[in-house]
Amino acid sequence: MESKLAVNLRAIRRISPQLACPHCGGHLMLEEASLLCETGHRFDIAKPGYLFLLDHGIHTKYERQLFEARKRISDVGFFAPLTEKLAELCGIYLKGQTDGLLVDAGTGEGSHLAEINRQLGDSFPVVGLDIAKEGIRQAARDYPGHAWITADLAACPLQEDSTVLLLNILSPASYGEFDRILKKEGLLIKVFPEKDYLQEIRMAFGLKESSGHAVVYARLLEEYTIIQEETLHYQKALSAERFRDLLLMTPLGWHLEAAQVDHFLQGELPQVTVGYRLVVARKKA
Ligand SMILES: C[S@@+](CC[C@H](N)C(=O)[O-])C[C@H]1O[C@@H](n2cnc3c(N)ncnc32)[C@H](O)[C@@H]1O
């Protein structure tokens with residue numbers, strides 16, 4: 001059987017003409033298990049087959065445990081209605097397209113992108129970008145066959161006009177870079193939480209309501225023209241172990257005391273509300 005590294009290398013080779021050196025923007029060429037740009041910058045492909053194209057150090061809360069928790073939550077179908085809806089939208093908007101990348105900007109541990117692409121019949125060249133190396137490493141391990149890249153969205157290592165559809169799911173946007181990499185007719189699908197997202201956690205721990213969604217939406221409207229907009233609301237019951245994972249993976253849980261969490265998990269657990277806004281948009285001319 002082919003190794004994960006070999007499968008991932010093939011996926012990187014497929015999209016390599018669209019890659020840009022994070023230092024100088026030049027084209028990158030694949031040479032065995034390395035990429036080399038015209039000016040001589042070299043990047044090795046790390047096991048199990050991902051690219052590290054970050055040109056600066058970072059400090060992030062998104063570490064191994066968090067992404068492992070996110071994957072366990074994903075594996076019990078927590079995000080299934082979301083990925084199903086996204087695959088449907090991608091199918092509609094990619095219909096007839098034969099050229100360009102499907103990119104997930106802020107892909108985390110890659111489960112959404114891998115599932116969406118599976119539902120699309122694995123036909124598109126896809127790229128998952130995230131600044132957290134650990135998420136990308138896990139994506140390459142768990143979902144081989146896609147191009148997984150550690151990179152900063154503020155300096156996307158992709159060529160201009162390379163991307164036909166850009167997903168940006170619960171992650172920060174970098175509109176200047178999105179505009180640069182998107183084709184003229186390319187589309188952005190941005191997903192952000194609705195006001196009621198995980199409201200039971202806010203209620204249980206006395207946390208403030210968030211107004212973040214309004215700010216995200218206003219910023220999107222400044223930059224993009226809305227083509228289609230949907231809301232998605234559902235409720236999920238979780239076991240105590242998966243509820244613990246949820247508290248580990250969401251920023252809402254990051255400042256809670258361990259004793260508070262233990263006490264909560266021993267009680268009767270509420271179903272959690274999941275609410276998303278999905279916006280399909282085109283950059284303003
Ligand atoms: C809430 S997580 C969402 C991950 C994934 N889209 C999902 O829905 O499971 C936000 C992600 O954005 C990534 N992120 C934050 N700032 C970034 C940046 N400047 N460049 C690339 N990724 C970034 C984080 O590392 C994290 O994986």
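## Two loop aspartates

At 43% relative accessibility, Asp161 counts as partly exposed (buried means under 20% relative accessible area, exposed over 50%, partly exposed in between, with a 1.4 Å probe and protein chains only). Asp161 is found in the loop between strand S7 (147–150) and strand S8 (163–169), where helices (H or I, at least four residues) and strands (E, at least two) are DSSP runs numbered from the N terminus. Its phi is near 55 degrees, a positive value in a residue other than glycine. The structure is a predicted model, in which local features need pLDDT of at least 70 and side-chain atom pairs count only at pLDDT 80 or more, while totals for chains, interfaces and linings use all residues. Residues are numbered from 1 along each chain as its sequence is written, and side-chain values use heavy atoms, with hydrogens and water left out.

Asp122 also has a positive phi, near 50 degrees, and is likewise not a glycine. It lies in the loop between helix H4 (111–119) and strand S6 (126–130), and at 47% relative accessibility it counts as partly exposed. Gly121, which follows H4, has a positive phi near 85 degrees.

## Overall architecture

The protein chain contains 10 helices and 11 strands. Its radius of gyration, 19 Å, is close to the 19 Å that the globule rule gives for 285 residues, so the chain is as compact as a globular protein of that length; the radius is taken over C-alpha atoms, and the rule is 2.2 Å times the number of residues to the power 0.38. Along the principal axes, the C-alpha atoms fill a box of roughly 60 × 40 × 35 Å.

Of the 285 residues in the chain, 52% are buried. Among contacts (heavy atoms within 4.5 Å) with a separation of 6 or more, 68% join residues 24 or more positions apart.

## The mixed sheet

The 11 strands form an open sheet with mixed pairing, in the order S1-S2-S3-S4-S7-S6-S5-S8-S9-S11-S10; two strands pair if DSSP finds at least two bridges between them. Strand S1 (28–31) and strand S10 (224–236) are the edge strands, each pairing on one side only. The twist from one strand to the next averages 20 degrees (axes are lines fitted to C-alpha atoms, for helices over the stretch in contact, and angles run from 0 to 180 degrees between N-to-C directions).

S8 and strand S9 (residues 182–193) pair in the parallel sense over six bridges, and Asn168 stands opposite Lys190 in S9. S5 and S6 also run parallel, joined by four bridges, with Leu102 opposite Val126 in S6. Elsewhere, the loop between strand S3 (42–46) and strand S4 (50–52) holds Pro48, and the peptide bond from Lys47 to Pro48 is cis, with omega near 0 degrees.

H4 lies across strand S5 (101–105), S6, S7 and S8, running at about 170 degrees to S6. Its buried residues include Ser111, His112, Leu113, Ala114, Ile116 and Asn117. The buried residues of H4 pack against helix H2 (64–75) and helix H3 (80–94), as well as S5, S6, S7 and S8.

## Ala151

Ala151 is found in the loop between S7 and S8 and is buried, with a relative accessible area of 1%. Not counting residues up to four places away in sequence, Ala151 touches Leu53, Leu54, Leu129, Asp130, Ile131 and Pro157. Ala151 and Arg242 are 91 residues apart in sequence and 29 Å apart in space, C-alpha to C-alpha.

Helix H8 (residues 212–223) lies across S9, S10 and strand S11 (272–283), running at about 170 degrees to S9.

The axes of helix H9 (residues 240–249) and helix H10 (residues 258–266) come within 10 Å and cross at roughly 145 degrees. The contact is made by Ala240, Phe243, Arg244 and Leu247 of H9 and by Val261, Asp262, Phe264 and Leu265 of H10. These residues divide into six nonpolar, no polar and two charged (Ala, Val, Leu, Ile, Met, Phe, Trp, Tyr, Cys and Pro count as nonpolar, Asp, Glu, Lys and Arg as charged, and the others, Gly among them, as polar).
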